Amino acid sequence: MTAPETPLLRVVRGNPDDAELAALTAVVAAAASARAPEPAPKRESWWADKASLVRAPLAPGEGAWRASALPR
């Protein structure tokens, strides 16, 4: 004996017509089939990272040339 199938949608209140039920079913099916966003790709190498080319703006002034060589 097979178990009775439960309906996917159940109208709790009101009397929707066929067009309203079809619209509701389409919205629920579209929401169920929506995929999750793909995760960001993993960083392959720190050596190839172009973000390291971006540096702080230059600060002109006395001793600025010495400070430019200091680690940040």
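The structure is a predicted model, in which local features need pLDDT of at least 70 and side-chain atom pairs count only at pLDDT 80 or more, while totals for chains, interfaces and linings use all residues. Residues are numbered from 1 along each chain as its sequence is written, and side-chain values use heavy atoms, with hydrogens and water left out.

The overall form comes next. The chain has two helices and zero strands; helices (H or I, at least four residues) and strands (E, at least two) are DSSP runs, numbered from the N terminus. The radius of gyration of the chain is 30 Å, well over the 11 Å that the globule rule gives for 72 residues, so the chain is more spread out than a compact globule. This radius is taken over C-alpha atoms, and the globule rule is 2.2 Å times the number of residues to the power 0.38. Along its principal axes, the C-alpha trace spans about 85 × 35 × 15 Å. Of the 72 residues, 0% count as buried, where buried means under 20% relative accessible area, exposed over 50%, and partly exposed in between (1.4 Å probe, protein chains only).

Helix α1 covers residues 18–33 and includes glutamate 20. Glutamate 20 counts as partly exposed because its relative accessibility is 47%. Between the C-alpha atoms of glutamate 20 and alanine 31, 11 residues apart in sequence, the distance is 17 Å. Leucine 24 also lies in helix α1, and with a relative accessible area of 42% leucine 24 is partly exposed.

The loop between α1 and α2 (64–67) contains serine 52. With a relative accessible area of 56%, serine 52 is exposed. A distance of 31 Å separates the C-alpha atoms of serine 52 and alanine 36, which are 16 residues apart along the chain.

The chain has 9 positive and 8 negative side chains, and the centres of the two sets lie 17 Å apart. Lys and Arg count as positive and Asp and Glu as negative, whereas His and the chain ends are not counted. The place of a charge is taken as NZ of Lys, CZ of Arg, CG of Asp or CD of Glu.
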